[in-house]
Structure formats: structure tokens, C-alpha cells
Amino acid sequence: MKRIFARFKRIDNKLRPLPYTELLKDSYSTGSVVGGSLKNKTILITGASSGIGLAMARRFLVEGCHVIISGRTESKLLAAISYLKQKECYNVTYSLMDQLKDSDLYTTSQDIFKRYKVNVLVNNAGVFKKSDRDGRFRSVEGEDYWPGLNTNLKSSLLLSQSFVDYCKEAEIKGHILNTSSICGLFESMGITPYGMSKAGVIEMTKQFALANKGIVTCNSIAPGSVATVMGDLHTGSNIASYCSCNRHVTMAEEIASLAALMCTEDMSEKLNGQTIKACACEKF
């Protein structure tokens, strides 16, 4: 299906309204973006029951991969599996994993690595709390920092370490892709715990790539405003002029295509320890 480029047309110096429909999602989710170079790879994606993670799952499935999605809520994972199969993406399984519990994260990941030859780990699970949206540094309560830091940063580090151990034992070259945020790169307008956790992800990406060179490559994507529920946008929302700079909101499907490109062998030879900004907003 031809991609829909109406999103870039302006009327009276404003972007034409563009509803975020299933048709639009489909137009950005069909056909390979990496020429089949990921075919038969196995991808583990955390936090993949919705949003960017679900779009990534669909993209990797379209690329001919076997995809394992993980999350804390089985009903949401089953709904995601059902959605993907409705889109004729069948080579997908799921695994329950509570990333706030270190023992569960370790046990579950070890079970996955025993059952499957995982080539790529995508650390996508993340939380964005009300305190992130409303709080500034001196007004955020101490306990409000831990959900974001533990989920967005700590669990990604622990799972990455487990993946490296697996790659060493299996003697394979692995790829790690972390989902960070422009909030970790720029002033985040009061989004304190989230921004701090995502800044940590960016630094972790650099250090992890350096420490494990030759075993895994490790990179991250830093999205800006994305059309997801976390960003207060839903299917049917107008995504054409949501940002204050009058630019379109990035679609999760666009982030997913970039993710697939960054996980190819060819790209991993050129990128390691890097964070790629994925934001349409001109001020970033």
C-alpha cells in the first residue's frame, strides 16, 4: 500500500488534520524496510503489548522474524497477540515478565534464552507517571522516582546483562536496542523522574557498548512526541499538529521502521553506543 503523504501538506500555514487510523498504521507497516536482512532472526521486545513496542513487534514480524513480546499483564499480551494475528503476523509468542521484580526478570529471561536463539533484545518497557507530567524537581516526592528509574533504567540494565551472558555462552553476536527519549537529551519541561531515567538509558547504552564490544552492539532510539496512549493520543486522534512547534507527531510505526534498520548486521557495523533522535519537532 502506498504511504500516505498528506500529513506533510499545509493549509494556511498549518498542517492538514490527519487522523491516526488503522489504515494509516497499515500503510507504514507493510513491506520490508531492510530488504529481508532480518529474516529468521528472533527478537525479544519488552513492554510490547501496546504503543511503540507493539508497532516494533509488527515491524519485525513483517521483516520475517520470530518475535517474543513480554509484559506484566497477560490479558494485554493476549490482546496484542490477537491484534498482530489480525494483521496476518503469526510468528509471535509472549512471556510474562515483571520487570520490577529482579528475580522474576532473571528467571524469565533465562527461560527464554534456553528455549529460543535470541538475536536481538529490545528494551522498550517504560512507565510515565502523573508525577512525570506535572512535577518539577523540588516538588517531586522521593518515592515517585523509583517506578521510572527501576522500570526504565534498572530493569533494562539487568536484562541486558543477562542477554550478554547468554550471547557469550551461545557464542553468538547479539544486538541490544534501548528505547530512550528526547527527555533524556534536552530540558524536559518538568518531566523529572522520566527524563532522569531516560538520560540514564542513554549513558548506559554508551557504557554497555564499550564494555561488551565484540559480544553485542548496543544502541538506543530517543523518540519525541509519539502517537501512543502514553502520549495521550489514541487511534482516531489528529496527529498532524499536536506539538507546540506546529509539526506532526511521530507515529509508532515510524519508530519501529528505524528500530528494524538499526538492528541489521550492516548498520550494527557502523553504529555502537549511539543514540538516534527520532523526533519531528524542530526545536530538538
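# Reading the salt bridges, strands and helices

Trainee: What makes the contact between the side chains of Lys206 and Glu203 a salt bridge?

Mentor: The two side chains meet at 3.8 Å, N to O. The cut-off is within 4 Å, from a side-chain nitrogen of Lys or Arg to a carboxyl oxygen of Asp or Glu. A value of 3.8 Å passes, so the pair counts. Keep in mind that this is a predicted model.

Trainee: How are Lys206 and Glu203 placed in helix α7?

Mentor: Both sit in α7, residues 192-211, three residues apart. That separates them by about one helical turn. An α-helix has 3.6 residues a turn, so residues three or four places apart point the same way.

Trainee: Why are Lys206 and Glu203 called partly exposed?

Mentor: Buried is under 20% and exposed is over 50%, with partly exposed in between. Lys206 has 42% relative accessibility, so it falls in the middle class. Glu203 has a relative accessible area of 35%, so it does too. Elsewhere, salt bridges that share partners join Glu22, Lys25, Asp26, Arg58 and Lys87 into one network.

Trainee: Which residues does Arg58 touch?

Mentor: Leave out residues up to four places away in sequence. Arg58 then touches Lys25, Asp26, Ser29, Tyr83, Leu84, Lys87 and Cys89.

Trainee: How many salt bridges does the structure hold?

Mentor: The total is 11. One of them joins the side chains of Lys154 and Asp102 at 3.1 Å, N to O. Lys154 is in helix α6 (residues 146-170) and Asp102 is in helix α4 (residues 102-115), so the bridge ties together parts 52 residues apart in sequence.

Trainee: Why do Lys154 and Asp102 count as partly exposed?

Mentor: Lys154 is at 36% relative accessibility. Asp102 has a relative accessible area of 37%.

Trainee: What makes the span of α4 close to the expected one?

Mentor: α4 has 14 residues and reaches 20 Å from its first C-alpha to its last. The expectation at 1.5 Å a residue is also 20 Å.

Trainee: Which residues of α4 are buried, and why do we say they line one face?

Mentor: They are Leu105, Thr108, Ser109, Ile112 and Phe113. Seen down the axis of α4, the buried residues fall within an arc of 135°, so they line one face of the helix. These residues pack against β3, β4, β5 (92-96) and α6. On the other side of α4, Ser103, Thr107, Lys114 and Arg115 are exposed.

Trainee: Why is strand β3 called largely enclosed?

Mentor: β3 covers residues 42-46, and five of its five residues are buried, so the rest of the structure largely encloses the strand. Thr42, Leu44 and Thr46 point one way, while Ile43 and Ile45 point the other way. In a regular strand the side chains alternate between the two faces of the sheet.

Trainee: How do you know that β3 pairs with β4 and with β6?

Mentor: Pairing needs at least two bridges. β3 and β4 (residues 66-71) share five, in the parallel sense, so they pair. Ile43 has Val67 as its bridge partner in β4. The chain crosses from β3 through α2 to β4, a right-handed β-α-β crossover. Three bridges join β3 to β6 (residues 120-123), which also clears the limit, and these strands run parallel. Leu44 has Leu121 as its bridge partner in β6.

Trainee: How many helices and strands does the protein have?

Mentor: Nine helices and nine strands. Of the 284 residues, 52% count as buried.

Note on methods
Residues numbered from 1 in each chain as written. Predicted model: local features only at pLDDT ≥ 70, side-chain atom pairs only at ≥ 80, totals over all residues. Heavy atoms only, no water. Contact = heavy atoms within 4.5 Å. Buried < 20%, exposed > 50% of the residue type's maximum accessible area, 1.4 Å probe, protein only. Helix = DSSP H or I, 4+ residues; strand = E, 2+ residues; numbered from the N terminus. Right-handed = clockwise from strand over helix to strand, strands pointing away. Expected span 1.5 Å × (residues − 1). Arc of directions from axis to C-beta.
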